[in-house]
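Thanks for making time this morning.

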Amino acid sequence: MAVPAGRIESEFYFKVLYDEKLPLKYIKDRVEYHLTLDQPVLEEMILRPDRPIDNLKPRSKIALLFTYRGQSIDFTTEIIKVSDELIICRTPEKIHKNLDRNYLRIDTPSDIKVLFTFRGERYNLSLPKITEYENVEANDLFGNDDSRNLSELIGQLTGMVKNHADGYKIVNFKDKKPETLEERIVSETGKALFLSVTKGRLPATDPYPKKRIITEEIFKRYLESTGVGIAYLGETCTRFMNNKYNDGIYSDAWVPILFHEYVVGYIHIWINKEGRPPFDYTMLDNLFQFSKVLAFSLKENGYFDTGKIHNEPFECSVLDISASGLLFACPHNLSIASLLLVDSDLTVTIAAPNRTVNVVARIVRRIKDKSAVYFGCRFTGIAPEDTRFLFEYLYGRQIDDTDSAFLTGQV
């Protein structure tokens with residue numbers, strides 16, 4: 001996975017580029033150019049291309065890639081000035097190493113058209129909303145067997161909760177808006193408030209690869225957003241935990257019920273009898289599964305149908321594209337921008353001369369600035385023959401043995 005290089009490491013790479021005259025690859029209109037640094041990198045990068053490059057303009061951005069000791073590294077920089085022999089650019093703020101692709105993103109060719117369509121159903125609901133997407137399809141819940149009796153499964157999970165907790169309740173935010181501190185932080189973060197024992201501190205770390213619980217750091221950030229002064233954050237956290245324990249709550253868990261980008265409600269379980277084993281991560285895993293089953297059950301019973309959105313193709317500005325993904329932008333005032341979330345899938349139609357390619361793309365990055373929201377997508381479903389066509393169309397050369405990763409999906 002691509003990771004940003006630190007400041008000192010970036011300076012090292014810039015020095016190596018100049019000292020060893022390593023070529024920087026740039027592709028435009030299906031032609032590959034090689035550029036080298038003409039001077040050491042300071043506040044600007046002065047690049048010398050191996051041949052003239054037409055139609056480069058100041059303030060436009062170019063993506064460059066180089067390899068060093070078998071590692072692919074890239075960055076994007078803005079052009080300041082173009083002369084007959086040199087291109088003067090800003091020193092990039094970030095460079096990325098450990099790339100999982102070998103070829104450069106390029107400016108979108110002018111003779112292709114790209115359309116996007118949401119995969120699956122989309123909704124506009126009057127419920128708390130987060131910036132991530134939660135899939136609630138049957139295959140994700142039950143594997144290949146989606147014929148299990150939901151009522152029976154929910155009954156089994158409810159029995160499991162009763163056997164391990166002194167109390168539990170399920171709250172729906174359609175009937176009750178978030179009011180308490182616990183309800184508000186769960187609804188705004190979409191994460192679980194998990195206090196295995198209340199005689200202590202909030203969790204310091206989150207063991208899940210895709211972060212799912214509210215750590216002490218997240219709790220403090222939330223408190224700060226509500227107006228609590230920085231100097232009082234630690235004291236407020238301590239008081240929160242002490243109040244739980246003094247109220248006779250010895251183990252506590254609040255797990256959100258997520259449906260797409262919405263927090264439908266939550267499951268709350270607690271222990272108020274001393275001496276019982278506290279909740280552990282196995283219990284929390286079961287609650288997460290329970291919450292998914294509840295969301296799926298609500299969907300299957302038509303609970304969200306009134307908010308279903310008609311799914312039509314839409315068009316956004318594609319900033320760059322590669323054989324493995326693309327980057328596009330939507331202005332803030334376009335309503336579709338708020339529905340595009342990390343981990344949601346799109347069907348992308350790439351209409352090129354003489355051929356149209358349909359590919360599944362997953363949003364892996366979402367970045368905002370003052371003018372637009374930017375979405376980085378990775379292609380996840382594409383036929384080998386379409387991969388070959390797209391590669392050869394974008395890069396202007398035939399695919400060879402060194403590019404085999406593109407045909408096996410390792411990009």
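Let me begin with the accessibility terms: buried means under 20% relative accessible area, exposed means over 50%, and partly exposed is whatever falls in between, computed with a 1.4 Å probe on protein chains only. The model is a predicted one, in which local features need pLDDT of at least 70 and side-chain atom pairs count only at pLDDT 80 or more, while totals for chains, interfaces and linings use all residues. Residues are numbered from 1 along each chain as its sequence is written, and side-chain values use heavy atoms, with hydrogens and water left out.

I turn to charges. A salt bridge here is a side-chain nitrogen of Lys or Arg within 4 Å of a carboxyl oxygen of Asp or Glu, and the structure holds 23 of them. One of these joins Asp 166 to Arg 276, with N to O at 2.5 Å. Helices (H or I, at least four residues) and strands (E, at least two) are DSSP runs numbered from the N terminus, and in those terms Asp 166 sits in the loop between helix 3 (150–164) and strand 13 (167–172), whereas Arg 276 sits in the loop between strand 15 (251–271) and helix 7 (281–300), so that the pair links distant parts of the chain, 110 residues apart. Asp 166 is partly exposed at 23%, and Arg 276 is likewise partly exposed, at 30%.

A second salt bridge joins Asp 345 and Arg 362, whose closest N and O atoms are 2.7 Å apart. Asp 345 belongs to strand 19 (residues 345–352) and Arg 362 to strand 20 (residues 355–368), 17 residues apart. Arg 362 is partly exposed, with a relative accessible area of 34%. There is also a network, in which salt bridges that share partners join Glu 121, Lys 299, Glu 300 and Lys 308.

Now the rings. Rings of Phe, Tyr and Trp (its six-membered ring) pair if their centres lie within 6.5 Å, and planes under 30 degrees apart count as stacked, over 60 as edge-to-face and the rest as tilted; by this rule there are 23 aromatic pairs. Phe 116 and Phe 314 have ring centres 5.7 Å apart and planes at 20 degrees, and therefore the pair is stacked. Phe 116 lies in strand 10 (residues 113–118) and Phe 314 in the loop between strand 16 (308–309) and strand 17 (317–321), so their pairing ties together parts that are 198 residues apart in sequence.

Finally, strand 7. A hairpin of 4 residues joins strand 6 to strand 7.

Methods:
Pairing = 2+ DSSP bridges.
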